[in-house]
Amino acid sequence: MSARFKTAKGIKGENFEAYIEYGEGLVAIHLPVVYKFDRSTFLEMKVMLEDWCGFFKECGFKETHIAFESENTKLSKLVVRLCFEHLEEHEGLSIYRYVGE
């Protein structure tokens, strides 16, 4: 995303870090670091994602996206398990949309 978007950093889970990029009616989650991935981490991410999506909708965002480097196959498997669907490839990033369960 470009300079017309703002970033909210400092979001940390037990075993991961995330940040949110937003602007022009779009919101995207970025997951730059996963220190350890296990069932507990997955469940924490799932609960956090559900909470964020509710908050984003209250703020007027219609959809929640996630963006990461296209070659990150581990993350692509994770986001599908977290109920995201693939939208497109853009400037070296895979873009997914959260569809929920």
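Let's start at Phe56, which sits in helix 1 (helices are DSSP runs of H or I with at least four residues, strands are E runs of at least two, and both are numbered from the N terminus). This is a predicted model, so read it with these limits: local features need pLDDT of at least 70, side-chain atom pairs count only at pLDDT 80 or more, and totals for chains, interfaces and linings use all residues. Residues are numbered from 1 along each chain as its sequence is written, and side-chain values use heavy atoms, with hydrogens and water left out.

Back to Phe56. Its relative accessible area is 4%, which makes it buried (buried is under 20%, exposed is over 50%, and partly exposed is in between, with a 1.4 Å probe and protein chains only). Leaving aside neighbours within four places in sequence, Phe56 is in contact with Ile20, Val27, Ile29, Phe61 and Thr64, where contact means heavy atoms within 4.5 Å. Leu26 is 30 residues from Phe56 in sequence, with 9.7 Å between their C-alpha atoms.

Now for the sheet. It is open, has six strands in the order 1-2-3-4-6-5, and its pairing is mixed; two strands count as paired if DSSP finds at least two bridges between them. In general, strands of a sheet pair through backbone hydrogen bonds, either parallel or antiparallel. At the edges are strand 1 (6–12) and strand 5, each pairing on one side only. Direction ignored, neighbouring strands are turned by 25° against each other on average (axes are lines fitted to C-alpha atoms, for helices over the stretch in contact, and angles run from 0 to 180 degrees between N-to-C directions).

Strand 3 and strand 4 pair in the parallel sense over two bridges, and Ile29 stands opposite Ile66 in strand 4. Strand 5 and strand 6, on the other hand, run antiparallel and are joined by six bridges, with Glu88 opposite Ile95 in strand 6. Their hairpin has two residues between the strands, and Glu91 takes a positive phi there, near 50°.

What about the helices? Helix 1 lies across strand 1, strand 2, strand 3, strand 5 and strand 6, at about 20° to strand 2. Helix 2 packs on the sheet too, touching strand 3, strand 4, strand 5 and strand 6, and its direction makes about 165° with that of strand 4.

Which residues of helix 2 (residues 73–81) are buried? They are Leu75, Ser76, Leu78 and Val79. These residues lie on the same side of helix 2 because they cover an arc of only 160° around the axis, taken from the directions from the helix axis to the C-beta atoms. Lys74 and Lys77, on the other side, are exposed. Ser76 counts as buried with a relative accessible area of 18%, and it touches Phe68 and Tyr96, not counting residues up to four places away in sequence. After helix 2 comes Cys83, whose phi is positive, near 75°.

Finally, the largest nonpolar core has 25 residues, of which Trp52 and Phe84 touch the most other members. Such a core is a set of buried Ala, Val, Leu, Ile, Met, Phe, Trp, Tyr and Cys residues joined through side-chain atoms within 4.5 Å. Helix 1 gives the most to this core, with seven residues. As for Trp52, its contacts are Ile11, Ala18, Ile20 and Ile29, again not counting residues up to four places away in sequence.
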